[in-house]
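Dear colleague,

Here is the structure for your files. My notes follow below it.

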Amino acid sequence: MKITSSAISLNVADPTASAKFLIDHFGFTQEMAAEGFVSLTRPDAGVNVIYLKTGLSTFKPARIAGDAGQGLLVVFVVEDIDSEYERVRAEGVTIETPIETEPWGERYFQMTDPNGVVIQLVQWV
């Protein structure tokens, strides 16, 4: 098997709002879009982020088509967590969890996009 790319697909009520959040604050670009669907890319992210409108009839498996990904974190590892923290705060992003450093060396903070998806930035120290 050869993996040629990777993506994470998230069910949200408003795909456009979540896509705009990643575009505006994290430099993603829209790769594709259709009714109820937005695919974002960023060359250095290693994964495309796809937002699907909850309840799409074409979503498989149908039993999870309405789930909004509760308990899921979208995590991006960065080089300078402190400057990223100040940057997104200056952009008016509401911080869900201020910067914390765990005993195992994970320094991180969290914010929530317009659909409640938790975006976490991490630096390993």
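**His25 and its surroundings**

A polar contact of 2.6 Å joins the side chains of His25 and Glu91; a polar contact here is a pair of N or O atoms within 3.5 Å, where within protein one must be able to donate a hydrogen and the other to accept it, and residues adjacent in sequence count only if both atoms are side-chain atoms. Please bear in mind that this is a predicted model, in which local features need pLDDT of at least 70 and side-chain atom pairs count only at pLDDT 80 or more, while totals for chains, interfaces and linings use all residues. Residues are numbered from 1 along each chain as its sequence is written, and side-chain values use heavy atoms, with hydrogens and water left out.

His25 belongs to helix 1 (residues 15–26). Helices (H or I, at least four residues) and strands (E, at least two) are DSSP runs, numbered from the N terminus. With a relative accessible area of 15%, His25 is buried. Buried means under 20% relative accessible area, exposed over 50%, and partly exposed in between (1.4 Å probe, protein chains only). Apart from neighbours within four places in sequence, His25 is in contact (heavy atoms within 4.5 Å) with Arg87, Glu91 and Val93.

Arg87 sits in helix 2 (residues 81–90) and counts as partly exposed because its relative accessibility is 28%. Arg87 and His25 are 62 residues apart along the chain, and their C-alpha atoms are separated by 8.8 Å. A polar atom of the Arg87 side chain lies 2.7 Å from the backbone oxygen of His25. Leaving out residues up to four places away in sequence, Arg87 touches His25 and Phe26.

**The chain as a whole**

The protein chain has 2 helices and 8 strands, in the order β-α-β-β-β-β-α-β-β-β along the sequence. Its C-alpha trace spans about 45 × 35 × 25 Å along the principal axes. Of the 125 residues in the protein chain, 35% are buried. Among contacts between residues at least 6 apart in sequence, 48% join residues at least 24 apart.

On charge, the protein chain has 9 positive and 17 negative side chains, and the centres of the two sets lie 7 Å apart. Lys and Arg count as positive and Asp and Glu as negative, with His and the chain ends not counted; the place of a charge is NZ of Lys, CZ of Arg, CG of Asp or CD of Glu.

Regards
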